[in-house]
Protein chains: 2
Amino acid sequence: MPSLRDEIFEQPACLRALIHNQKETAQRIAEVIHQREVHYAFLAARGSSDNAGRYANYLWGAHNRLPLALATPSLFTYYKSPPALKGALVLGVSQSGKSPDIVSVLDEGRNQGCLTLAITNAPQSPLAERADLVFDIQAGLEKAVAATKTYTAQLMAIAMISAALAGIESRWEELENVPAWVDQVLRQDETIARMVQRYRYMHLCVVLGRGFNYATAFEWALKLKELTYIVAEPYSSADFQHGPIAMVEGGFPVLAVTPSGMVFETMLSMLIDLRHNHAAELVVISDNDQALELAQSPLRLPAGIPEWLTPLVSIVPAQLFACHLTLAKGYDTDQPRGLNKVTRTR
Amino acid sequence: MPSLRDEIFEQPACLRALIHNQKETAQRIAEVIHQREVHYAFLAARGSSDNAGRYANYLWGAHNRLPLALATPSLFTYYKSPPALKGALVLGVSQSGKSPDIVSVLDEGRNQGCLTLAITNAPQSPLAERADLVFDIQAGLEKAVAATKTYTAQLMAIAMISAALAGIESRWEELENVPAWVDQVLRQDETIARMVQRYRYMHLCVVLGRGFNYATAFEWALKLKELTYIVAEPYSSADFQHGPIAMVEGGFPVLAVTPSGMVFETMLSMLIDLRHNHAAELVVISDNDQALELAQSPLRLPAGIPEWLTPLVSIVPAQLFACHLTLAKGYDTDQPRGLNKVTRTR
């Protein structure tokens, strides 16, 4: 049994344990943040961890009023001209905790006297050593090179810190439902394995999401690029409408993450336009019948997920889609070519 | 004569006038910023203006120590949950000054008592009306739907504000050379018109840049998507190396922006890898012989441009490339399908 599929299926257990084991850690982190004068978060991450950061950008903005700036690591490494970080919570997100460029951002934050936080699967790593506060995502060893369970665990860490910062107890009750929703989605495994056959010869596609699920669009696209070598370009639906939609011709595949929520209506009207005016091929992740009926390939989400938690569930059918498409194309799910587990970029 | 090509050629004159006419404006803006307790810039923009914001992210970080957060406009519009913007300079960049979502970010910044700045080609626009400070880029009417002269004028505005904030007179002398460098690049017009024939049937490509020219990679990709309907995906070379490089097979086109500077060596070693180990097709914008010799299609930059100003010059051969490729593919350069000049996204 390949590790990638195993690790996708480990997610409900990982998430359940994480909520249970790390609630106090989240609350302690929130307390320290409240004590300091933090004006914004300054986040350094790469790859899937950067996509987790995109989730933090929306969630912490919407629920905690905390703006988030994405660090430009090359300013710290190649240019040696880091910005002044007064008022920043300096945050590093990294599965391995070993990427030199992410570590160098935390180092600089520490030198400038900022509060520093690491979200990592490696609490003994260089990144964790630099941080005042460490959130260990406790996902266990991830063998497959493409991140799955560490991605959802990072999202969960971000959601738990958000719930703790807000101090709203009902948010924790909502969080506790996530593992069961993920379980429900995993039951579509065989359906998805059949569905992907249709995309055996797909070489390029776009992936659309907005708001909280902007992160999901990026992560779905990244899994496809890493595992299936498809050119998969992620977009905010707003940016897509503003120009790139022009490239959609008949049969062009558009993958969309559109659960119910505040941005649903605008996403739906774009899907209607794409299907009826552009004759696009649609793969749609949603809980909404109207959106699913527009799709040649519908991927159904459980009903009733609060919008802020949809990214933790909606990425799971996307992971299965990428995993099965990798197999359909005859590639290796565990050791994709050209990838290393630890990113050594400076 | 189509407007797009005209407007590309108007750039030296626009930039020359802008440096001359708006130096005092830049200095006044810098003075006001210095008087206020600004910890970071919070930027709202879409499309080409967002790419100009990517330049500000690197330049203001490196030369002015000012971190920059990219706004998530949907938090302001659909979610009605804007973050707390204490300590932020709230900046809107928009050619038309009319995009409702960008205007709503400025509105919120103003309501929260932040200093607000608009960089726009329309000093009477709703965006400019909301702003405490307005930098009019004075590029004249842009008829072509795809932005060219307003993009370089926005970069110039960002560079002028940076020079004024730093208060370093030699930076102004460097700035004054930009129009002549752009003139030099424009002389390659016919060469580029011949070169693009090779890409008549290119349907997808990636565009790489890093550091200051991360913005250039995004803008080149956007021009190709808007005008030629090619799937052109922009990447930081660091993110590209971390995964997506796996999709590069023999003949896969990689467009790269690699002028001399702090990130040149890392970009060069990636180009060597792409050419020799992946048999990639390379289109390279550079002043460096070694980088240009690796390319099937070299686009030469003038020698001696200070790295911080390379984005103002390196985008110009990319604009010509996109313009001529549009003609080679038989499309309309002035009225691309699916695009409006004013973005009405919320």
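1. Basis. This is a predicted model, in which local features need pLDDT of at least 70 and side-chain atom pairs count only at pLDDT 80 or more, while totals for chains, interfaces and linings use all residues. Residues are numbered from 1 along each chain as its sequence is written, chains are lettered from A and ligands numbered from 1 in the order in which they are written, and side-chain values use heavy atoms, with hydrogens and water left out.

2. Lys223(A). This lysine sits in helix α11 of chain A, residues 214–228. Helices (H or I, at least four residues) and strands (E, at least two) are DSSP runs, numbered from the N terminus. Lys223(A) has 1% relative accessibility and counts as buried. Buried means under 20% relative accessible area, exposed over 50%, and partly exposed in between (1.4 Å probe, protein chains only). Beyond neighbours within four places in sequence, Lys223(A) is in contact with Ser48(A), Ala146(A), Ala147(A), Thr228(A) and Ala322(A). Contact means heavy atoms within 4.5 Å.

3. Leu208(A). Strand β6 (residues 204–209) of chain A holds this leucine. Leu208(A) is buried, at a relative accessible area of 1%. Its contacts, again leaving aside neighbours within four places in sequence, include Tyr235(A), Phe240(A), Val254(A), Met267(A) and Leu274(A). Val254(A) is 46 residues away along the chain, yet the two C-alpha atoms are separated by 7.3 Å.

4. Salt bridge between chains. The whole structure has 29 salt bridges over all chains. The criterion is a side-chain nitrogen of Lys or Arg within 4 Å of a carboxyl oxygen of Asp or Glu. Glu233(B) pairs with Lys225(A), with the closest N and O atoms 2.9 Å apart. This pair crosses from strand β7 (residues 231–236) of chain B to helix α11 of chain A. Glu233(B) is buried at 3% relative accessibility. Lys225(A) is also buried, with a relative accessible area of 5%.

5. Salt bridges within chain B. Arg110(B) and Asp132(B) form one, their closest N and O atoms being 4.0 Å apart. Arg110(B) lies in helix α5 (residues 100–111) and Asp132(B) in the loop between α6 (126–130) and β5 (133–136), so the pair ties together parts 22 residues apart in sequence. Arg110(B) is partly exposed at 42% relative accessibility. Asp289(B) and Arg300(B) form another, at 2.9 Å between the closest N and O atoms. Here helix α14 (residues 289–294) is linked to strand β10 (residues 297–300), the two residues being 11 apart.

6. Network. Salt bridges with shared partners join Arg46(A), Asp101(A) and Asp239(B) into one network.
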